[in-house]
Amino acid sequence: MINKIELNNFKCYKYREFELGNLTVFCGNNSVGKSTAIQALAIPFQSKFSDKVLLNDSLVELGSVRDIYSAHAVTGDNSLNIALYVDNNKCSWGFNDLTEQASLKNHLLNKCMNSEASALSHHYFIDKGFQFLQAERFGPRAYLENSHDQSIRYWLGAKGEHAYEILTDLTNNGERLVSGDKRILKGDEGRSVRRNIINWMAEISPGFNFESDTVKNAEISHAQFQAYGSDKTNPVNMGFGLSYSLGIVCALLLTKPGGLVVIENPEAHLHPRGQSYIGRLIARAALAGVQVIIETHSDHLLNGIRVGARLDEDYEGEGFKVFYVSGVPNSESTVDEITIGTNGELSSWPEGFFDQQAYDLKTLMKGEEVTDLGRRR
């Protein structure tokens, strides 16, 4: 498990530590730095923990070293470092001097022992599983290209672009969750991953079902979807919500305990009920032992996570963390750490934290603009 992400002179942070939980949620206003920790995490993962890690590859594209060097760094401090603490063992990449770094261009110097990097690569890519889904994912497609990356088991792609191939493989291989896995939605309908994908997707669109197949000679896969009692049809005849959420549900059910799932904006294109149930599945995946890191703007999704914690008798509290990031003019962003308790309660509610509904309701009641919950403009 990744216990901590440590950033030094990286983007909007001069120095920041994020102590991660089994489930970690990043939220806040736009462009305040809530995605920054996820981007830092993506750099070594997209480079397979190699000696020199890429800033621009399949998971993130961050430009040059100078683009990610913090504008808030102390004068004379020319260092930049990102570090992951995996089971409390530190793995770091960076440099101590910009001149020293110049020859590397779009790389960060890897200061991690090769043996440790090799162990991490095997753990996440072969043994337990790793999925990273970007905010901009593939919508409805008649077909999708097959993956050529065999280094990651059941790799969905950062945009969910290999979902149809993975669905076909799941059907052919008969993958099953272990008995008692908390991600099993309906115990009487079995432990197959395929069946549980259908059951969770049916909470988003009742009656959901799918068929998929791979055309190996053309290196493509295709699928048909069904919902609300309709006949099976091409995904392009269904809404964006099904395609956007299908990769999320697959990622959360495919990854083994000890693996890692990172999702940006899992709520995209979903009705509030769908957002809530994705939140419940996220919570159950974390309770099953999968480490989950998400970035969200959705109070419905957060409430779904809270419901998942509240309904699970084994949740002991503080394993689910929320980092609320706030922008500060001409300074580095501030971070409030919030924990989710055993009853789904939040340890604190900072100003600006998912409070827009309260502002809008009070404005509706008073018939005049409310800019503070305690006073009128």
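Contact here means heavy atoms within 4.5 Å. Before you start clicking, note that this is a predicted model, where local features need pLDDT of at least 70 and side-chain atom pairs count only at pLDDT 80 or more, while totals for chains, interfaces and linings use all residues. Residues are numbered from 1 along each chain as its sequence is written, and side-chain values use heavy atoms, with hydrogens and water left out.

**Stop 1: strand 1**

Select Lys4, which sits in strand 1 (residues 2-10). Helices (H or I, at least four residues) and strands (E, at least two) are DSSP runs, numbered from the N terminus. Leaving aside neighbours within four places in sequence, Lys4 is in contact with Glu17, Phe18, Glu19, Leu20, Ala83, Leu84 and Tyr85. Is this lysine buried or exposed? Lys4 counts as buried, at 13% relative accessibility; the cut-offs are under 20% relative accessible area for buried and over 50% for exposed, with partly exposed in between (1.4 Å probe, protein chains only).

Stay in strand 1 and pick Asn9. Asn9 is not a glycine, yet has a positive phi of about 55°. At 0% relative accessibility, Asn9 is buried.

**Stop 2**

Jump to Lys321 in strand 14 (residues 320-328). Lys321 is another buried lysine, at 13% relative accessibility. Show its surroundings: not counting residues up to four places away in sequence, Lys321 touches Glu19, Leu20, Gly21, Leu23, Thr24, Val25, Glu337, Ile338 and Thr339.

Now move to Asn330, in the loop between strand 14 and strand 15 (331-339). Its phi is positive too, about 60°, although Asn330 is not a glycine. Asn330 counts as exposed, at 81% relative accessibility.

**Stop 2: the cysteines**

With a disulfide taken as a pair of cysteine sulfur atoms within 2.5 Å, the count comes to zero disulfides. Cys27 is in none, and the nearest cysteine sulfur, that of Cys12, is 14 Å away. Cys27 is buried, with a relative accessible area of 1%. Cys91 counts as buried at 1% relative accessibility.

**Stop 3: helix 5**

Colour helix 5 (residues 163-173) and pick out Ala163, Tyr164, Glu165, Ile166, Leu167, Thr168 and Leu170, which are buried. What do the buried residues of helix 5 pack against? Look for strand 9 (143-145), helix 6 (193-204), strand 10 (209-215), strand 11 (220-226) and helix 7. Just after helix 5, Gly174 has a positive phi of about 65°.

**Stop 4: helix 8 and its partners**

Axes are lines fitted to C-alpha atoms, for helices over the stretch in contact, and angles run from 0 to 180 degrees between N-to-C directions. On the helix 7 side the contact is made by Ser245, Ile248, Val249, Leu252 and Leu253; on helix 8, by Ile278, Leu281, Ile282 and Ala285.

Next, select helix 6 with helix 8: their axes come within 8 Å and cross at roughly 145°. Helix 6 supplies Trp200, Glu203 and Ile204, while helix 8 brings Arg273, Gly274, Tyr277, Ile278, Arg280, Leu281 and Arg284.
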